[in-house]
Amino acid sequence: MTSPYQKHRDWWKDCQRCPLGKQRSRIVLARGRVPCDVLFIGEAPGVSEDALGQPFIGPAGKLLDRIVDDALDPIFMGSDRPKVVFTNLVACFPKLAKSEGVNHQPAEAEIKACSTRLKEFVDEVARPRLIVCVGALSEKWVPQFIDPFSVEMIHIVHPAAILRAPDAQRGLMVRRCVVVLANAVEALHAED
Ligand code: URA
């Protein structure tokens, strides 16, 4: 039988609903095993993600993985660790915005065009208990597509912003993300 994720992938793999369809090398849907406990929603695939077809695998993704490990390892010590999955507001590399755009972000129309895909992924495939909005753009848009009363939602600073910050601030920024994430996951765990 075809899994909900397979159906989702088959449906979206050739998507041309917005101009990003022509800018990407490959569509970037999700990374991790579904359904999951915690879903991270970033902004858009970057160069590495576009090349390999998986979200958060470049430098920002490596930092995000470290934040996840630092938050979860002390709580779960390897046993029954919550399943985490990564996706983005838009599934295609916004090549033009990244190379010549004003704010290097996907446009509002592109984010809206991809919201059907995002909502389907959340509701039918990932079915998370906690959504982590990664970065300000995700914090702004995700609650407009996914009812924040239907699932726990938190926000962390985008790891790419941490990498751009002055050296002296980075440690504290990472620590804040770790604490916010650990607290939210612990609250879920306490409900079990
Ligand atoms: N890589 C992603 O997949 N998403 C981001 O938001 C940034 C880098």
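Guide: Helices (H or I, at least four residues) and strands (E, at least two) are DSSP runs, numbered from the N terminus. This is a predicted model, in which local features need pLDDT of at least 70 and side-chain atom pairs count only at pLDDT 80 or more, while totals for chains, interfaces and linings use all residues. Residues are numbered from 1 along each chain as its sequence is written, and side-chain values use heavy atoms, with hydrogens and water left out.

Visitor: Is histidine 104 buried, exposed or partly exposed?

Guide: Buried means under 20% relative accessible area, exposed means over 50%, and partly exposed is in between (1.4 Å probe, protein chains only). Histidine 104 has 38% relative accessibility, so it counts as partly exposed.

Visitor: And which residues is histidine 104 in contact with?

Guide: Contact means heavy atoms within 4.5 Å. If you leave aside neighbours within four places in sequence, histidine 104 touches Ala97 and Lys98.

Visitor: Now the rings. How many aromatic pairs are there?

Guide: Rings of Phe, Tyr and Trp (its six-membered ring) pair if their centres lie within 6.5 Å; planes under 30 degrees apart count as stacked, over 60 as edge-to-face and the rest as tilted. By that rule there are four aromatic pairs. Take phenylalanine 40 and phenylalanine 86: their ring centres are 5.1 Å apart and their planes are at 20 degrees, so this pair is stacked. Phenylalanine 40 belongs to strand 1 (residues 38-42) and phenylalanine 86 to strand 2 (residues 84-88), so the pair ties together parts 46 residues apart in sequence. Both phenylalanine 40 and phenylalanine 86 are buried. Tryptophan 141 and phenylalanine 145 have ring centres 5.8 Å apart and planes at 15 degrees, so they are stacked too. Those two both lie in helix 8 (residues 136-145), four residues apart, or about one turn of the helix.

Visitor: Which residues form one aromatic cluster?

Guide: Phe40, Phe56 and Phe86 do. With 5% relative accessibility, phenylalanine 56 counts as buried.

Visitor: What lies over the face of phenylalanine 86?

Guide: A charge sits over a ring if NZ of Lys or CZ of Arg is within 6 Å of the ring centre and within 35 degrees of the ring normal. Here arginine 31 lies over the face of phenylalanine 86, at 4.3 Å from the ring centre. Arginine 9 is placed over the face of tyrosine 5, at 4.1 Å from the ring centre.

Visitor: How do I read helix packing?

Guide: Two packed helices are described by the angle between their axes and the distance between the axes. Axes are lines fitted to C-alpha atoms, for helices over the stretch in contact, and angles run from 0 to 180 degrees between N-to-C directions. Helix 1 (residues 4-12) and helix 7 (residues 115-126) pack at about 170 degrees, with axes 10 Å apart. Angles under 35 degrees count as roughly parallel, over 145 as roughly antiparallel, 65 to 115 as roughly perpendicular and the rest as oblique. Helix 1 and helix 7 are therefore roughly antiparallel.
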